[in-house]
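These are my notebook entries on a single protein chain. I set out to look up how its parts are arranged.

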Amino acid sequence: MTYLEIINAVLRRLRETEVTDVNETDYSKLIGEYVNSVKKEVEVAWDWNALRTAITVNTIAGVRSYTLTGAGQRFRLADVSNNTSKFMLQQRSTTWMNEHFLFTETPDSTPTFYNFNGVSGGDSKVDLYPTPDQVYTLQFNVTIPQADLVDNADTLSIPAEPVIQGVLARAISERGEDGGRMSNDQYALYRSALADEIAVEAGRFSDETIWYTV
């Protein structure tokens with residue numbers, strides 16, 4: 001659904017007049033703010049398939065730090081693979097990386113470990129250890145939240161129903177029903193809609209919902 005369609009879906013449920021532009025009235029602007037707020041909540045509730053992507057980093061000999069261009073800072077990481085050498089990289093703590101960079105004489109070689117360290121231009125940076133000795137193709141499999149919806153035709157990537165129900169719950173609370181039965185019932189519908197959509201996706205990623213003893 002588009003940004004405008006979501007706003008109008010909420011307005012109809014509130015028995016308000018639909019709009020032709022997201023910024024047409026003060027109230028449509030408010031609903032639009034709620035849409036982006038609830039969108040963020042829904043995005044962090046699950047690693048939605050529509051938000052999953054792969055960022056490729058080609059290393060340079062002698063360079064240990066790289067920027068994950070396009071990742072931003074709110075992404076979630078699934079795994080990192082060295083596609084050139086055919087193995088998975090392992091994450092290490094900042095302390096571990098500092099100790100090995102500062103106190104261990106390690107020749108440049110195939111990067112085996114990684115650690116997130118700082119930001120450049122709004123995107124996260126990652127350090128590799130050992131420092132690459134040649135070009136390696138690394139793949140970072142990540143989930144990146146969608147940017148805020150702004151224009152009428154901006155399309156929501158994640159399922160729309162939980163967002164609509166969540167926005168409606170906030171709008172009802174804002175009208176003075178905060179803590180009342182109507183508000184509580186709507187928040188229950190929001191949580192139910194979110195759980196339903198997660199259950200649908202979880203059926204396609206069953207390996208991600210298995211608990212292992214460690």
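Predicted model: local features only at pLDDT ≥ 70, side-chain atom pairs only at ≥ 80, totals over all residues.

Entry 1. Of the 11 residues of H1 (residues 3–13), 8 are buried, so the helix is largely enclosed by the rest of the structure. I listed the buried residues as Tyr3, Leu4, Ile6, Ile7, Asn8, Ala9, Val10 and Leu11. After H1 comes Arg15, and I noted that its phi is positive, near 60°.

Entry 2. I then looked up the nonpolar cores. The largest one has 32 residues, and those with the most contacts inside it are Ile7, Ile31, Val35, Val42, Trp48, Val163 and Val167. Two or more residues of this core come from each of H1, helix H2 (26–45), helix H4 (160–177) and helix H5 (181–202). I recorded another core lying apart from it, with 16 residues, including Ala71, Leu128, Tyr136 and Leu138.

Entry 3. Which residues does Val167 touch, not counting residues up to four places away in sequence? I found Val10, Ile31, Tyr34, Val35 and Val38.

Entry 4. I turned to the whole chain, which has 5 helices and 8 strands. Along the sequence they follow the pattern α-α-β-β-β-β-β-α-β-β-β-α-α. Of the contacts with a separation of 6 or more, 70% join residues 24 or more positions apart.

Entry 5. Finally, I checked the overall dimensions. The radius of gyration is 22 Å, whereas a compact globule of 214 residues would have one near 17 Å. The C-alpha atoms fill a box of roughly 70 × 40 × 30 Å along the principal axes. Buried residues make up 40% of the 214 residues.

Note on methods: Residues numbered from 1 in each chain as written. Heavy atoms only, no water. Buried < 20%, exposed > 50% of the residue type's maximum accessible area, 1.4 Å probe, protein only. Helix = DSSP H or I, 4+ residues; strand = E, 2+ residues; numbered from the N terminus. Core = buried A, V, L, I, M, F, W, Y, C linked by side-chain atoms within 4.5 Å. Contact = heavy atoms within 4.5 Å. Rg over C-alpha atoms; globule rule 2.2 N^0.38 Å.
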